Amino acid sequence: LGLDMEELEEIEEDAGLGNGGLGRLAACFLDSMATLGLAAYGYGIRYEYGIFNQKIRDGWQVEEADDWLRHGNPWEKARPEYMLPVHFYGRVEHAATGAKWVDTQVVLALPYDTPVPGYMNNTVNTMRLWSARAPNDFNLRDFNVGDYIQAVLDRNLAENISRVLYPNDNFFEGKELRLKQEYFVVAATLQDIIRRFKASKFGSTDSVRTVFDSFPDQVAIQLNDTHPAMAIPELMRIFVDIEKLPWNKAWDITKQTFAYTNHTVLPEALERWPVDLVEKLLPRHLQIIYEINQRHLDHIASIFPNDVDRLRRMSLIEEGGTKRINMAHLCIVGSHAVNGVAKIHSEIVKTQVFQDFAALEPEKFQNKTNGITPRRWLLLCNPGLAELIAEKIGEDYVRDLSQLTKLHEFVDDDLFIREVAKVKQENKVKFALYLEKEYKVKINPSSMFDVHVKRIHEYKRQLMNCLHIITMYNRIRRDPAKLFVPRTVIIGGKAAPGYHMAKMIIKLINAVAHVVNDDPVVGSKLKVIFLENYRVSLAEKVIPATDLSEQISTAGTEASGTGNMKFMLNGALTIGTMDGANVEMAEEAGEENLFIFGMRVEDVTELDREGYNAQKYYNQLPELKQAVDQIKSGFFSPKEPDLFKDVVNMLFHHDRFKVFADYEAYVKCQEKVSELYLNSKAWTKMVIRNIAAAGKFSSDRTIKEYARDIWHVEPSDLKIPPPNEPRDAVEDKTPNGTVA
């Protein structure tokens with residue numbers, strides 16, 4: 001048709017239906033489940049507006065609505081024939097026959113299906129996203145005498161449920177609309193699953209009543225964080241109130257069906273819904289949660305008599321001030337398996353955050369280290385490197401990433417070393433052209449591309465990177481003739497619109513960039529760019545061009561991270577703390593092949609015990625003092641000298657993430673990075689060792705572990721024949737596909 005494929009790809013909008021790592025992880029998991037031939041479904045909400053588009057105006061983040069459906073979405077298919085009702089509000093009537101939830105408001109859930117193709121195996125799974133629709137009699141059946149126009153306009157109230165994604169990452173905002181969204185996706189999905197179960201040969205009916213004994217053998221439901229936690233009381237409500245199962249049987253089936261993945265240990269991220277709100281919106285579910293809690297506490301009291309403090313700690317209901325439901329506790333009690341997303345995180349989950357629960361049922365707690373799909377994060381985004389690898393070890397590694405270890409044979413192969421460096425250089429030149437087009441800054445493509453891209457959050461310590469930039473700047477100005485390894489520092493990511501400190505951090509980075517980039521003394525030695533509107537499609541451009549990956553969260557705060565894995569697979573070296581999956585990356589590649597620095601979890605704990613004193617580091621480290629004084633004095637904001645007073649005040653008096661404590665080790669580690677970068681061959685050899693060790697971090701490996709240890713389904717590497725070939729030849733080889 002005379003169209004350029006790359007041009008066409010640029011036009012397509014990202015489906016930005018998640019905030020950060022959590023949503024992207026789900027997408028990688030869907031890709032792996034299809035590639036492994038699992039009969040699996042991804043369920044979620046079809047937000048009309050996804051994560052906001054970020055504009056930088058005068059150095060500040062400004063949000064714009066993400067109208068991603070404006071030009072239509074060719075990949076989705078609406079399925080009105082599977083529309084389902086979801087109930088809200090109302091009240092509970094108790095009769096001899098059991099509880100009845102009555103006088104509810106109904107919203108319809110309209111499913112949209114998007115195909116999820118496996119890699120070259122003729123398997124296509126489904127992602128089903130629910131959209132909210134008002135019923136046609138909405139507001140017209142009751143007391144609304146005559147105001148027909150207003151009644152039709154009020155349909156928006158119901159349809160607002162799927163209007164917009166809440167833009168918080170690692171932060172809980174207890175809004176009624178958000179709870180509605182969480183219950184909406186859960187109620188529609190469970191009805192869908194039960195409909196499918198009843199239609200299958202397993203949902204055999206005893207006269208009229210379905211026998212649910214085999215339900216957990218046929219259905220596994222994975223809770224992606226606590227956001228779908230209401231699925232637990234909802235399934236109980238269906239079993240007990242509608243299907244008339246006895247409580248104990250219903251509870252046994254429910255527990256065997258659910259498993260819960262914890263994604264964060266930050267207290268401000270844990271969902272704690274006010275009891276009053278749940279009582280208003282979902283009165284029957286609150287009663288069920290109280291009943292679950294009563295039986296749970298009775299059980300604990302029988303094992304630990306007279307331990308009232310343990311009962312308080314382990315209760316699903318938090319007393320004191322406004323009563324709240326601890327959704328993580330509900331998930332742990334209502335699931336047969338609980339997992340963290342990296343070894344160190346799963347340890348913290350067991351020994352600190354949920355230690356009482358782990359003491360009670362240690363066998364329930366597992367680890368499933370996160371992974372990324374090599375199809376998107378190598379083949380699609382870095383075809384040059386993917387091809388180079390295939391030339392050396394064949395193409396099978398795309399489905400079995402552990403085969404990358406074969407690259408160890410070529411670590412000393414001079415030709416291979418040169419080719420790896422060449423692919424990286426080509427990616428850098430291409431990205432440099434993109435940056436020059438978008439940002440009108442001249443980029444030196446031979447400079448080290450030092451990249452820090454992720455959501456902006458205090459725990460991720462973009463501020464520490466910023467202090468290092470200022471330190472490099474001061475060193476160049478102090479001695480312009482001294483050898484300096486040129487760097488292009490690229491920082492990108494979105495701040496939640498209500499997160500004041502994160503927005504100040506963005507402004508500070510842009511203010512520093514303005515000074516550094518315009519200083520003639522610095523010239524091309526140091527450039528700083530804040531990448532606007534960081535998103536998946538932009539990650540696919542920047543990651544293959546990166547030399548140095550910044551993974552510098554305070555030890556014990558980043559559950560896993562997945563960007564770290566993407567950089568490793570694409571030939572960047574990592575500077576990072578012993579946090580999240582960085583620990584396992586160092587274990588796989590050898591700690592000497594990463595730039596590891598700073599406090600370990602034990603050191604952070606010890607520092608908390610003795611009390612963190614930021615002033616001490618400020619007094620002892622002249623370069624830190626100089627950088628902080630410049631921020632404080634208005635060196636980077638001459639028109640508004642005290643613009644960053646909140647940031648400086650936080651760093652001195654309430655920095656939970658101890659930026660100053662790791663500053664010295666970070667700067668020293670960065671000096672080692674620069675030193676190695678001068679030796680292109682040694683640098684590239686380290687890159688090859690990293691790529692060769694990245695195999696563990698395929699989401700295929702992660703999903704195989706979920707399938708084996710939690711869902712109890714067999715992944716099949718069998719290639720289903722295409723529709724134009726006769727099927728009977730493979731019929732007998734197909735295993736019982738269980739819904740995951």
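This note walks through a predicted model, point by point.

1. Lys-566 lies in helix 21, which covers residues 563-569.

2. Is Lys-566 buried or exposed? Its relative accessible area is 7%. Buried means under 20%, so Lys-566 counts as buried. Which residues does Lys-566 touch, once neighbours within four places in sequence are left aside? The contacts are Arg-24, Ile-372, Trp-377 and Ile-543.

3. Next, the aromatic rings. The whole structure holds 23 aromatic pairs. One of them joins Phe-29 and Tyr-706. The ring centres are 5.6 Å apart and the planes meet at 65°. An angle over 60 degrees counts as edge-to-face, so that is the label for Phe-29 and Tyr-706.

4. Another pair is Trp-101 with Tyr-183. Here the centres lie 6.4 Å apart, with the planes at 65°, so this pair is edge-to-face too. It links distant parts of the chain, 82 residues apart: Trp-101 is in strand 7 (residues 98-102), while Tyr-183 is in helix 5 (residues 176-199).

5. Why do both members of that pair count as buried? The cut-off is under 20% relative accessible area. Trp-101 has 15% relative accessibility, so it counts as buried. Tyr-183 has 1%, so it counts as buried as well.

6. Aromatic residues also group together. Phe-197, Phe-212, Phe-215 and Phe-239 form one cluster.

7. Charges over rings deserve a look. The charged end of Lys-428 sits over the ring of Phe-449, 4.7 Å from the ring centre. Lys-494 has its charged end over the ring of Phe-52, at 5.5 Å from the centre.

8. Finish with helix 26, residues 645-653. Which of its residues are buried? They are Val-647, Val-648, Met-650, Leu-651 and Phe-652. What do they pack against? Their partners are helix 18 (462-478), helix 19 (500-517), helix 24 (614-620), helix 25 (622-633) and helix 27 (659-678).

How values were computed. Residues numbered from 1 in each chain as written. Predicted model: local features only at pLDDT ≥ 70, side-chain atom pairs only at ≥ 80, totals over all residues. Heavy atoms only, no water. Helix = DSSP H or I, 4+ residues; strand = E, 2+ residues; numbered from the N terminus. Buried < 20%, exposed > 50% of the residue type's maximum accessible area, 1.4 Å probe, protein only. Contact = heavy atoms within 4.5 Å. Phe/Tyr/Trp six-rings, centres within 6.5 Å; stacked < 30°, edge-to-face > 60°. Lys NZ or Arg CZ within 6 Å of the ring centre and 35° of its normal.
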